[in-house]
Amino acid sequence: QVQLVEAGGGLVQAGGSLKLSCTANGNIRSINEMGWYRQAPGLQRELVAVIRSDDSTDLMDPVKDRFTISRDNAKNTVYLQMNRVRPEDTAVYYCYADALEVARWGYEYYWGRGTQVTVSS
């Protein structure tokens, strides 16, 4: 079983920075893409950033010039560096991984439990 453990959430003032991390643990053979979604109260979950196995990335327009996604393949870890944060970035951030377990035949999506990010104005 693959488990994703997130860290780095918290309270930050507008204009500040925060770095989230997410590590995939378990009998993992390979990870295709990893990324982050977020969900604010009353809103749908939205894709924030994705990084693929070839290190190509995509970020949603509202964060494209402020956030950076990266990964450390040796540690099965994905990071989200959040700069110049805004109150509208307040949400629960969920990481995911498209991973292949040792004992399975195909890739599956796994999710973290989420980490709260609150940006004060």
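Which residue in strand 8 does Thr 68 stand opposite? I looked, and Thr 68 faces Gln 81 there.

**Ground rules**

I am working with a predicted model, in which local features need pLDDT of at least 70, side-chain atom pairs count only at pLDDT 80 or more, and totals for chains, interfaces and linings use all residues. Residues are numbered from 1 along each chain as its sequence is written, and side-chain values use heavy atoms, with hydrogens and water left out.

**The sheet**

I went on to the strands around Thr 68. Strand 7 and strand 8 (residues 77–82) run antiparallel, joined by six bridges; I call two strands paired if DSSP finds at least two bridges between them. I then traced an open sheet of four strands, ordered 1-3-8-7, with antiparallel pairing. Its edges are strand 1 (3–7) and strand 7 (67–72), each of which pairs on one side only. On average, neighbouring strands of this sheet are turned by 15 degrees against each other, direction ignored. For that angle, axes are lines fitted to C-alpha atoms (for helices over the stretch in contact), and angles run from 0 to 180 degrees between N-to-C directions.

**The disulfide**

How many disulfides did I find? The count is one, taking a pair of cysteine sulfur atoms within 2.5 Å as a disulfide. Cys 22 and Cys 95 form the bond, with their sulfur atoms 1.9 Å apart. Cys 22 sits in strand 3 (residues 18–25) and Cys 95 in strand 9 (residues 91–101), so the pair ties together parts 73 residues apart in sequence. I noted a torsion of about 40 degrees about the S-S bond, so this disulfide is right-handed.

Are the two cysteines buried or exposed? Cys 22 is buried at 0% relative accessibility, and Cys 95 is buried with a relative accessible area of 0%. My cut-offs: buried is under 20% relative accessible area, exposed is over 50%, and partly exposed is in between (1.4 Å probe, protein chains only).

**The whole chain**

I counted zero helices and eleven strands in the protein. Both are DSSP runs numbered from the N terminus: helices are H or I of at least four residues, strands are E of at least two. Of the 121 residues, 40% count as buried. The C-alpha atoms fill a box of roughly 50 × 25 × 25 Å along the principal axes. Among contacts with a separation of 6 or more, 55% come from residues 24 or more positions apart, where contact means heavy atoms within 4.5 Å.
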